[in-house]
Every structure is written in structure tokens, then in C-alpha cells.
Amino acid sequence: MYVRTAAVAAAAFLGLTFTLLGGSASPAATAPDSAGLLGPTVYAHRGASAYAPENTLASIDLAMRLGFTWVENDVQRTRDGELVVIHDDTLARTTDAEQVFPDRKPWRVKDFTAAEIARLDAGSWFGPRFAGARVPTLREYMERVDGNRQRLLLEIKKPELYPGIEEQTLKLLGETGWLDAQHVSRRLVVQSFSAESVRVVHRLRPDLVTAFLGTPAVADLPRYAEFTDRINPWHTTISADWVAAVHGLRGAHGKTMEVDTWIVDDAPTARKVRDMGVDGIITNAPDVVRGAVGSYF
């Protein structure tokens, strides 16, 4: 999901953020299921990315310290086959690749080795306090999420660029302990803008919860319900009637389909989509959304 980064967040809160980054807060406990609790689930989009560089370990650590168990990320693949956590399919926006490799334009992720990407600074663009942050490998990221006792909404990004990335991602999830019954039932959702990619994940691991990113027409929703459990739309594209139509269907696991909408960073919009009946809100500023809707986190 691409949105302009919220690096212009309020300075007062940034001061709190930096204090938290250096604090000694305990890892957030695994939160209970949201059933019966007030408010939609809040997902920290690319971590607490309004206050720390997106998709870095610093960003998910901050989400943890703010008390959020659910984080969202993006997975792509390097030239030598390493899975890395980065949103754009180029390195230019969120790293210093242009300076380190000036002759490698347009700096596509798939054109660089994991070792080359590991050299890049993925934090200075956001602020000097984050200088030296790195693009994490998916393995490093999963180990940190697990250590933080967080849950993950994992997006397979641009699968058309990376044939076989679904199988590879599932293999790594298995190697890092994320495909056991406890993780699969409570701590992991896999999503993509590619319906075919979601179908592949469902075929390979039918026990996994999956989500399709987009806003299908109501008439097309039953087709998506065959292979996914959730429809995750951009918040400007939905209405209460559309959300109700999704809720009127049972998904691939025989349960009521859910709606997690993105990207909502302000209180009025958070309350608006809550009142539409969404099950979750994906946000760069999870504290703002939690304050607005009294959510489970």
C-alpha cells in the first residue's frame, strides 16, 4: 500500500517517540481476540511509520512500545533471492541508494543483492536520529516480531516481479516458526493486491488467514470469498452498505468475512470508518486511531 509518509507528524509526539525508542518498556503481551471488544483492531502500517522510518526494526519496536501488537509490512526479493522488507520496488525513496550506487538507476530492489542492500542507510531520510537503520531481511524481521510478541499482517508486494515468491515466503515463515498452529490461528495474516497471489497462498496453506487488498464490486465478492477471509480496501472507496455486503458472506474458512481498511491517520476518518462497521483500521499513526475509536490493539 503506497501512501505519502507521515514524517510531518507533530513535533510534540515525536519527542515522545524518541523517548520511547530509548526506553525499557517490556514487550507487548499477545492481545486477546477482538471478538466482543469495542472498536476495530488497529494495525500499525509498516510499523509506527508516522514516527519512525517505515518497515524498519525501529518502526516495529516503536509500535510495540506504544502498545500495539499488530504490525503490517511489505515483502520483496533481491537479485540473489533474499526476501527483504521494503515497500517500494525501488530503493530510491527510503534509502541512500542513489548516493551509494550512483550508476545503478532506477535502483530496483530486484537488481541488487542482499549484501548490497544491507549497506544502505534506510533511516536518515526520515530523520537524523534514525541514521544507520537498515532494510531488514524478512528473516530478521520475523525474529524481531516474534521476540516482541507481536502479530503480523504480511503483504506480498508486486508478486508479478518475483515468480514463486509465495512459496518462498511460506518456506521462510515455516523456518522461523510462524506456521505452527499458534501463529497461524492468532498471529499471522497474508495479503496482496494480486488475487492470484492470494489464491496461491490459500492453495499452498489453506489453514492461513488471507486478505485481498482492493474494493471488489459487490457482485464479485462471492468469488473472492472462495479463497480469502478478508477484503482490505482503501478507506475512500467504501460505504456502510459495501462493508455490510462483505459481512454478509462467509470466507474461505467458513467464517464471516472481515474488512480492514487503509490508510487512516486522523481521528475524524477513523470514527467514520468505525461507524461503517469495519473490523480493522490500518494506520501510520496507531495511537491517533486508538484514541479516536477506543480500539483493541
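## Report on selected local features

R77 is buried (under 20% relative accessible area, where over 50% is exposed and anything in between is partly exposed, with a 1.4 Å probe and protein chains only), yet R77 has no salt bridge, and the nearest side chain of opposite charge, E167, is 7.2 Å away. A salt bridge here requires a side-chain nitrogen of Lys or Arg within 4 Å of a carboxyl oxygen of Asp or Glu; Lys and Arg count as positive and Asp and Glu as negative, while His and the chain ends are not counted.

The model is predicted, so local features need pLDDT of at least 70 and side-chain atom pairs count only at pLDDT 80 or more, whereas totals for chains, interfaces and linings use all residues. Residues are numbered from 1 along each chain as its sequence is written, and side-chain values use heavy atoms, with hydrogens and water left out.

**Surroundings of R77.** R77 belongs to strand β2 (residues 70-77); helices (H or I, at least four residues) and strands (E, at least two) are DSSP runs numbered from the N terminus. The R77 side chain reaches the backbone oxygen of P163 at 2.9 Å. With the side chain of Q168, the side chain of R77 makes a polar contact of 3.0 Å. A polar contact is a pair of N or O atoms within 3.5 Å; within protein, one must be able to donate a hydrogen and the other to accept it, and residues adjacent in sequence count only if both atoms are side-chain atoms. Leaving out residues up to four places away in sequence, R77 touches E82, L83, V109, K110, Y162, P163, G164, I165 and Q168, contact meaning heavy atoms within 4.5 Å.

**The loop between β4 and α6.** P159 is located in the loop between β4 (151-156) and α6 (165-175) and is buried, at a relative accessible area of 11%. Its contacts, apart from neighbours within four places in sequence, are I165, E166, S192, S194 and S197. The C-alpha atoms of P159 and Q76 are separated by 8.0 Å, although these residues are 83 residues apart along the chain. K158 is in the loop between β4 and α6 as well, and is partly exposed, with a relative accessible area of 32%.

**Backbone geometry.** Most residues other than glycine have a negative phi, and most peptide bonds are trans. Phi of K158 is positive, near 45 degrees. R46 has a positive phi of about 60 degrees although it is not a glycine; R46 lies in the loop between β1 (41-45) and α2 (57-65) and is buried at 1% relative accessibility. K105 and P106 are joined by a cis peptide bond, with omega about 10 degrees.

**Aromatic rings.** The structure holds 8 aromatic pairs. Rings of Phe, Tyr and Trp (its six-membered ring) pair if their centres lie within 6.5 Å; planes under 30 degrees apart count as stacked, over 60 as edge-to-face and the rest as tilted. Two of the pairs are listed below.

| Pair | Centre to centre | Between planes | Arrangement |
|---|---|---|---|
| F193 and W262 | 5.7 Å | 90 degrees | edge-to-face |
| F212 and Y224 | 4.7 Å | 40 degrees | tilted |

F193 and W262 are 69 residues apart and link distant parts of the chain. F193 is partly exposed at 38% relative accessibility, whereas W262 is buried at 9%.
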